[in-house]
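Me: I'm new to this one. Can you walk me through it in short answers?

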Amino acid sequence: GGETAEMPSLYYKDKLDLAGFVVGLVNNIYPKKIVSGDILYGIRSNGVHSNGFSLIHKILKYSTYDIDELLKPTRIYCEITEIIRNYFTQLVAMAHITGGGFKDNIGRLLPENLDFSLDYWEFSDVFKWIQENSGMSREEMLNTFNCGYGMVIIMNKEIKNPGFDLVKIGEIIEMI
């Protein structure tokens with residue numbers, strides 16, 4: 001999706017957009033069964049990454065914000081390899097929170113009988129600015145942006161003092 005996104009008035013005619021990416025392969029993790037009660041841990045993002053820039057561009061027409069903050073390069077989450085090494089038996093799944101927010105990216109991992117609930121956290125300043133200037137509800141924000149957590153790790157049990165900037169942000173629940 002994002003690889004071919006059209007972003008009106010964001011690119012100049014006859015100019016080049018250069019993007020980088022990371023590809024990796026992790027063997028012997030999947031498939032592990034996700035079950036009700038599994039814990040969602042988030043790894044903090046460093047900003048909006050590349051999500052929602054058409055909306056941000058519209059907001060910038062009538063409101064200002066620190067452009068350097070908005071254009072921070074996406075965090076790559078290299079600590080994933082250490083998390084896998086240290087928590088291999090507890091690790092069930094991972095989701096990078098990109099376009100579609102939490103609902104799409106976590107949702108595609110779950111069997112039909114399961115859902116997830118997110119704990120409440122206060123959005124950082126940049127996401128507060130987007131929400132205030134867009135009129136989006138909290139749910140709409142969480143379904144569009146990473147809202148401060150760019151990677152979600154699903155573990156089969158709670159981890160005490162996990163390190164790696166992992167923060168418990170929710171859990172897997174039975175579908176209602």
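Me: Which residue forms a salt bridge with Lys72?
Reply: Glu69 does, with the closest N and O atoms 3.2 Å apart. A salt bridge here is a side-chain nitrogen of Lys or Arg within 4 Å of a carboxyl oxygen of Asp or Glu.

Me: What am I looking at, and how are things numbered?
Reply: This is a predicted model: local features need pLDDT of at least 70, side-chain atom pairs count only at pLDDT 80 or more, and totals for chains, interfaces and linings use all residues. Residues are numbered from 1 along each chain as its sequence is written, and side-chain values use heavy atoms, with hydrogens and water left out.

Me: What does Lys168 pair with?
Reply: Asp119, in a salt bridge of 3.6 Å, N to O. Lys168 lies in strand 5 (residues 166-174) and Asp119 in the loop between strand 3 and helix 5, so the pair ties together parts 49 residues apart in sequence. Helices (H or I, at least four residues) and strands (E, at least two) are DSSP runs, numbered from the N terminus. Lys168 is partly exposed, with a relative accessible area of 32%. Asp119 is also partly exposed, at 32%.

Me: New topic. How many aromatic pairs are there?
Reply: Four. Rings of Phe, Tyr and Trp (its six-membered ring) pair if their centres lie within 6.5 Å; planes under 30 degrees apart count as stacked, over 60 as edge-to-face and the rest as tilted. One of the pairs is Tyr65 with Trp129, which is tilted: 4.8 Å centre to centre, 35° between the planes.

Me: Where do Tyr65 and Trp129 lie?
Reply: Tyr65 is in the loop between helix 1 (53-59) and helix 2 (67-70), and Trp129 is in helix 5 (residues 125-134), so the pair ties together parts 64 residues apart in sequence. Tyr65 is partly exposed at 24%. Trp129 is buried at 8%.

Me: Why is the pair of Trp121 and Tyr149 edge-to-face?
Reply: Because their planes are at 85°, with the ring centres 4.9 Å apart. Trp121 sits in the loop between strand 3 (114-118) and helix 5, and Tyr149 in strand 4 (residues 149-155), 28 residues apart. Trp121 is buried at 10%. Tyr149 is buried at 3%.

Me: What else goes with Trp121?
Reply: Phe102, Trp121 and Tyr149 form one aromatic cluster. The charged end of Arg138 also sits over the ring of Trp121, 5.7 Å from its centre. That label needs NZ of Lys or CZ of Arg within 6 Å of the ring centre and within 35 degrees of the ring normal.

Me: Last one. Why is strand 2 largely enclosed?
Reply: Strand 2 (residues 91-96) has five of its six residues buried, so the rest of the structure largely encloses it. It pairs with strand 4 in the antiparallel sense, over five bridges. Two strands pair if DSSP finds at least two bridges between them.

Me: Which residue stands opposite Met94?
Reply: Ile153, in strand 4.

Methods. Buried means under 20% relative accessible area, exposed over 50%, partly exposed in between (1.4 Å probe, protein chains only).
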